[in-house]
Amino acid sequence: MRPGEGLDPVAVQDAARRVMARCDALASITATPGAIERVYLSPEHARANRAAAGWMRELGMTAREDAAGNLVGRLDTADSESAALLLGSHLDTVPDAGRYDGMAGVLIALAVVRLLRRRADDGTWRSPFPFALEVIAFWDEEGTRFGTALLGSSAVAGTWDPAWWELTDDSGTTLREAFADFGLDPSRIGDAARRPEELRGYLEAHIEQGPELDRRGEPLAVVSSIASARRFHLTVEGQARHAGGTPYDMRHDALLGASEAALAVERICRGEHHAVGTVGRLETFPGAVNIVPGEARLSLDLRGELDETRDRVWESIGKELDVIAGRRGLRWRAEEFHSAPAVLCAPLLQDVIRAGIVATLPAGADDPATIYSRAGHDGMALGALTDIGMVFLRNPDGISHHPAESVSSQDVAAGIRALGAAVTHLAAEPAP
Ligand code: HGY
Ligand code: MN
Ligand code: MN
């Protein structure tokens, strides 16, 4: 089968409709009626895994939950010991999420398996390639429950940090307790780790979560790299005082200091082409209407195309915080709770993704765009284990981490064809 051929257009459209319908089905598995929220080691995690495991088994795949709660489906070749090409994305969400961030990638991967699998003589379904096909549904890509992101993919990459066991969620439940409540054994976390020789690589389809493809009027793009990330809890300390009796020249207002800091983050990052900083959460204490805020706690999500861009911006923000604190008689401190380096998508996997997208385009069309991902993805963790590649799907208006997040069935069909063709191209490459 020539790359990109063999995928019957009617079957692809049918597969795209199934992806959209199953994104809707997964959207109904939520902790928050009327919104989408599915966090790590929750009852919704278990329900989503059960649904996806059923979809894997109906394709003739085996399906198992690994020691970190990720769901792993496998379609063997004739040799059950062969290395596997890993496809997938994540099924956990941010609060009040859209229904395609992560979910579309897992379901597009299953659609590709459905379209590429072949019946063996004994009637079982097999991977027709020199590698098995695995589909993984990672958990805790977002870090919504415990703050630190990429927990599930870090377990698979073998980079689990034992310090994470003491992370707590908003109710004070530790990650260790949540593991046990979910039915997982913390002492077996190492069993989730895969060995490099087991894998041929990792390919993920994901909505762009930005406006570039929409602005270009193109359905798909090759991803060159995934931006680096650092996340902080910032605390600004001033002095709580009477809101009426305290003249301004005696105030050390933590909220105003934090507000200047948030504006400084925007100003400094706007000055850098490939860095972005966001204050997503701000709380004041004691938080009464008639008390000057004595303390402000804010989150900072910092990203850069390159680690050094991100770190340079963090240094500038720190200097600016010193100036603000000095002027207002405040103190500030930072606690970093997540850090992930930028990860390059492997050149070979960029090439097969590009060839896969080209296979979906009319003859003579321009080459597809190659863009870096400003959003984080599980590939940031998996890059420590194996080669990673990504294909982006157009995300109208770029809105994501919001219920208005969308993707068209047509672009999902294009994504299925492109990922399928990329897998076929990779199979034609000599094994490493
Ligand atoms: O936050 C991110 O960039 C990703 O969606 N987890
Ligand atoms: Mn996300
Ligand atoms: Mn995502």
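Author: Leu-41 lies in the loop between helix H1 (9-27) and helix H2 (43-57); helices (H or I, at least four residues) and strands (E, at least two) are DSSP runs, numbered from the N terminus. The model is predicted, so local features need pLDDT of at least 70 and side-chain atom pairs pLDDT 80 or more, whereas totals for chains, interfaces and linings use all residues. Residues are numbered from 1 along each chain as its sequence is written, chains are lettered from A and ligands numbered from 1 in the order in which they are written, and side-chain values use heavy atoms, without hydrogens or water.

Most residues other than glycine have a negative phi, and most peptide bonds are trans. Leu-41, however, has a positive phi near 65°, and its relative accessible area of 6% makes it buried (under 20%; exposed is over 50%, partly exposed in between, with a 1.4 Å probe and protein chains only). Asp-96, also not a glycine, has a positive phi of about 50°. Asp-96 is found in the loop between E3 and H3 and, at 40% relative accessibility, is partly exposed. The peptide bond from Phe-285 to Pro-286 is cis, with omega near 0°.

Asp-101 lies between strand E3 (84-90) and helix H3 (103-116), and Glu-142 between strand E6 (132-138) and helix H4 (151-157), so the pair ties together parts that are 41 residues apart in sequence. Both Asp-101 and Glu-142 are buried. With His-401 (NE2), Asp-101 (OD) and Glu-142 (OE) coordinate the manganese ion (ligand 2) at 2.1 to 2.2 Å; donors are N, O and S atoms within 2.8 Å of the metal (3.2 Å for Na, K and Ca), and sites may look incomplete because water is not among the atoms. Asp-101 also bridges ligand 2 to the manganese ion (ligand 3), the two ions lying 3.5 Å apart.

Asp-101, Glu-142 and His-401 are among the residues around ligand 1, that is, with a heavy atom within 4 Å of it. A polar side-chain atom of His-401 lies 2.9 Å from an oxygen atom of ligand 1, and an N or O atom in the side chain of Arg-303 is 2.5 Å from an oxygen atom of ligand 1. The protein covers 94% of the 210 Å² of accessible area that ligand 1 has on its own (Shrake-Rupley method, 1.4 Å probe).

Methods. Polar contact = N/O pair within 3.5 Å; in protein donor to acceptor, adjacent residues only side chain to side chain.
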